[in-house]
Every structure is written in C-alpha cells, then in structure tokens.
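Open the model in your viewer and keep the selection panel at hand. Each stop says what to select and what is there.

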Amino acid sequence: MGGRQEKEQSGGNLKWWQLSLLGVASTIGTGYFLGSGIGITMAGPSILIAFVLAALGTYNVFEALARMTAKRPEKGSFRSYAKQAFGRWAGFSSGWVYWSSELLIMGSQLTALSLFSRFWFPGVPMWVFATGYALLGLLVIFIGNKGFDSVENVLSVIKIAAILMFLGIAGAALFGWIPGGEARAFPRTMGQIFPTGAMGLWAGLIFAFYAFGGIEVMGMMAFRLKKPEEAPKAGKIMLLLLTVVYVLSIGLVVTLISWKSIVPKKSPFITALDGVHMPFIPHLFNAVLIIAGFSTMVASLYAVTMMLVTLAEDKDAPPLFAKKALKKRPMYAIGLTAAGLAASIILSLAMPGRIYEYITTAAGLLLLYNWLFILLTSGKLLELSVFGQVKRYAGMVLILLAVSGTLTHGTSRPGFWGSLAFIGVIGGVTLILQFGVWKKRKLGAKRRRKAVLIRRPRLD
C-alpha cells in the first residue's frame, strides 16, 4: 500500500503460484502453531478428524469465493459480492464483521507472539513485546504492496522449511534415530483417539477451522492476478498443502507425547521437541514460531487496512479513511488500524490470564460468520450444479457445527458470547443506517431525479 498503490493494484502482476505462497504465508501462523494446542487439550488425538473436516469446509468456502472472483474480480472481494447479492446492508455488515474479526485476530497474534518471546525472556512484560511487533508490522504495511509481497513470500518459505524440519526431527525421534519422546505409537483404540468423547471433538472443531483462517486474504488479493481465472487453482494447491502438513505434523505431536502434557500457553510443537535430546532445537523452532506469527499478523494488518479503505470508498465508512497521504498511502486507514492494535495491547495487559483462548475463539467465530455469508452469497451470484449446491450446504453445516461446538466447553464459551456482542453492535448500526440515513438519502435521490424530469422541457 505504498506510493505506487494504484499501479500495483490495477496491474495484475501476480502469478497463481505467488498467490498460493501468499496464501500459505497468510494462513500458517499462531492459529496453527499455538491455537492447535487448545484444540488438542479439548479433543485429544481426535483433533486430526477436526482438521480434516475443517479442510473440507474451508475448501467449499474458498471454491465459492474463487469462482466469484474468477467471474468478476473485485477489490472488495466477498464484501462486494455480498452487496451485489443482498444489497448495501449486506456489504456493510460483512465488511465490518470481517474488520472486527481481523482486529481480534491481530490481538490473539500479538498475545501469541509475546508468549513465544517470553520463552527466552520470561521476566519481560507481554505488552513490551506486543508493542514492538505491532510497530514492526505497521512499518511493513507502510512500505507498500511490493514490500508486503516480498516479506510474505520470504516468510512463507521459512515457515514451510520449519515445518519440514519439524517433520524430519519428529519422524527421526519416532523411529528411534535420535533419542527423545515419551510415546512411540500412534493412539489406536477408540478410547485413546477420543479421550474426551465426541463432545471434545465438537468443541475442538473451531480451533481446527481457525488454523485455516487466511483464505479470505487470498480472495482480497486475487484481483491482482495476471489471470483471475487461475484463483481456484491457487487455492486448491494451497489448501492441499496445508491439509497434508497440518495432519502429518499434529499426528506426530500426539504420537511423540501424551495429549495431556500439552498446555494452551505453549506451542504443542515446542512441547513435543522438548523431549528430543537436542537442546538447540526448541530454541530454533521458537524463532520460527515468531516468524510465522509475525507473518500472519502482517497479513491481517494488510487485510484490515484494505477492507477499511474499500469500505470508505463505498461510503460504508467515513470517506476520510479512503484518502491518501505521503505518496498515496492510506495513512488514515493505517492510523485507525494502529489504534486497534493499541487497544489489543492494552487488552492483553489488562487481562493476561486466559485472554488468548477467549480472543482466539471470538476471532474464529467472527471469521466463520463471514465464511457462512460467502456461501450464502455464492448461492445468489453463481449458477451451481446439484453437486455444487451439496458442497455449499455441506460447508454451511460444518461451519455451524464449529460455531455451536463453542457452547460445549467452558474455555470457548466466553468467546462465543463475545462474538455475539460484536454481531449485535454491527447489526444495530446496520439497522439504524438502513432505516435512517440510507433511506433518507434514497428518498432524496428519488426526489432530485423527479425534479429534474419535471424541469426537463417536453419535446412534443
């Protein structure tokens, strides 16, 4: 979003594989490296089933979004499609729900990054780390699209290399090539796979979905493809890669160590590597976790700033946020994003207890509400076959299962009510605008058109 923003955005300079890399960078982060630990504590080894179900649901959502993008690329992505399908209220509410979800996601990411950093510096307050990472992320966004693309591509390669490193080390420990690990056999019995029963699997589903959060960022960047029709291919490759990586790596975690030894405030991958008698490995992997978390935080910063700009351009946010300054940078939008980051830091300072679990749940739910709306929108804008309709409804069912599962566990229940509070506020504002400001403007426009017709001289 730098000085050449207009040129970069309209140039269509991305290839499909670059979009796949950006998607990986936007997705693999704290939701996977730390949030998956919460899911494991709830579901045990059965969390692997949750990840497969989440992958299927995510694929259905992305396919719908990619098909709409290929048909008509839009800068506002799913928000613009919602507006086309259902009217202004849908575009407004979809945009602000997404903005709120990304704001909460950034809060959870800053909390996770601070927790990772305290692995080395346990005496430093979390807000110090959070402030440092927030300022560094804002600097990347300030540099512009080219800086964002370059940073995210490099970090995505580092993340993939780190995961491959974990798979290699964990696999070597599993086969006894290097010492370490408490368990050497994957759980086989129903009691071992489902230690907390079906309810545990149901409760953990939201955290599996959360690990795939980021596909909508791909949708927002898909209009920059040289060939927008290649958006579905980019997403399929990305999701296939993510699913294989997630299932393999988490499968190794629950094989090497007991699921009971995993704690929410420590990455399950670090816990699994603690048993490997190679002292430098946990430190090396912790550095990678910080890189991964920072990468997804920058992607969230990009998404939340771009969404605010498009909302302002469409008159669904104060026009000030669409204005450019300092070589055509959206400084006002970046400023509001910075204020949101500051609020996240204050929140983490005021509520250091279980804030990560609560914020992560609320953020994941708001994201899923938008995914549900994407599927609803696709039913209006796309001509779907019978199989296409089946996939659409299957995606909706999986999302609703994940949402309702949060009510079954005390850790995620506060996040559910928090997400409803956000929906209530945004819904209330939407209703006020729909039957107040927008209605008056619409009536005023009608009167002006009528007055023009009356004043126009008759030709007969």
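## Stop 1: Arg79

Select Arg79 and leave aside its neighbours within four places in sequence: Arg79 is then in contact with Gly91, Ser94, Gly95, Met307, Thr310, Leu311, Asp314 and Asp316. Contact means heavy atoms within 4.5 Å. Arg79 lies in helix α6, residues 78–86. Helices are DSSP runs (H or I, at least four residues), numbered from the N terminus. Arg79 is buried, at a relative accessible area of 2%. Buried means under 20% relative accessible area, exposed over 50%, and partly exposed in between, with a 1.4 Å probe and protein chains only.

Before moving on, note that this is a predicted model: local features need pLDDT of at least 70, side-chain atom pairs count only at pLDDT 80 or more, and totals for chains, interfaces and linings use all residues. Residues are numbered from 1 along each chain as its sequence is written, and side-chain values use heavy atoms, with hydrogens and water left out.

## Stop 2: α8 against α15

Select residues 126–143 (α8) and 280–313 (α15). Their axes come within 9 Å and cross at roughly 55°. Axes are lines fitted to C-alpha atoms over the stretch in contact, and angles run from 0 to 180 degrees between N-to-C directions. The two helices are therefore oblique to each other. Angles under 35 degrees count as roughly parallel, over 145 as roughly antiparallel, 65 to 115 as roughly perpendicular, and the rest as oblique.

Now show side chains. From α8, Tyr133, Ala134, Leu136, Gly137, Leu138, Val140 and Ile141 meet Ile290, Phe294, Met297, Val298, Leu301 and Tyr302 of α15. This contact of α8 with α15 has 12 nonpolar residues, one polar and no charged.

## Stop 3: α5 against α18

Select α18, residues 386–405, together with α5. They pack at about 130°, with axes 9 Å apart. That makes α5 oblique to α18. On the α5 side, pick Leu53, Leu56, Gly57, Asn60, Val61 and Glu63; on the α18 side, Lys391, Ala394, Gly395, Leu398 and Ile399.

Stay on α5, residues 47–71, and select Val52. Is Val52 buried or partly exposed? Val52 is partly exposed, at 39% relative accessible area.

## Stop 4: the kink in α11

Select residues 197–210, helix α11. Centre on Gly204, where α11 has a kink of about 35°. The bend at a residue is the angle between axes fitted to the seven residues ending there and the seven starting there. Colour by burial: 10 of the 14 residues of α11 are buried, among them Gly204 and Phe207.

How values were computed: Ala, Val, Leu, Ile, Met, Phe, Trp, Tyr, Cys and Pro count as nonpolar, Asp, Glu, Lys and Arg as charged, and the others, Gly among them, as polar.
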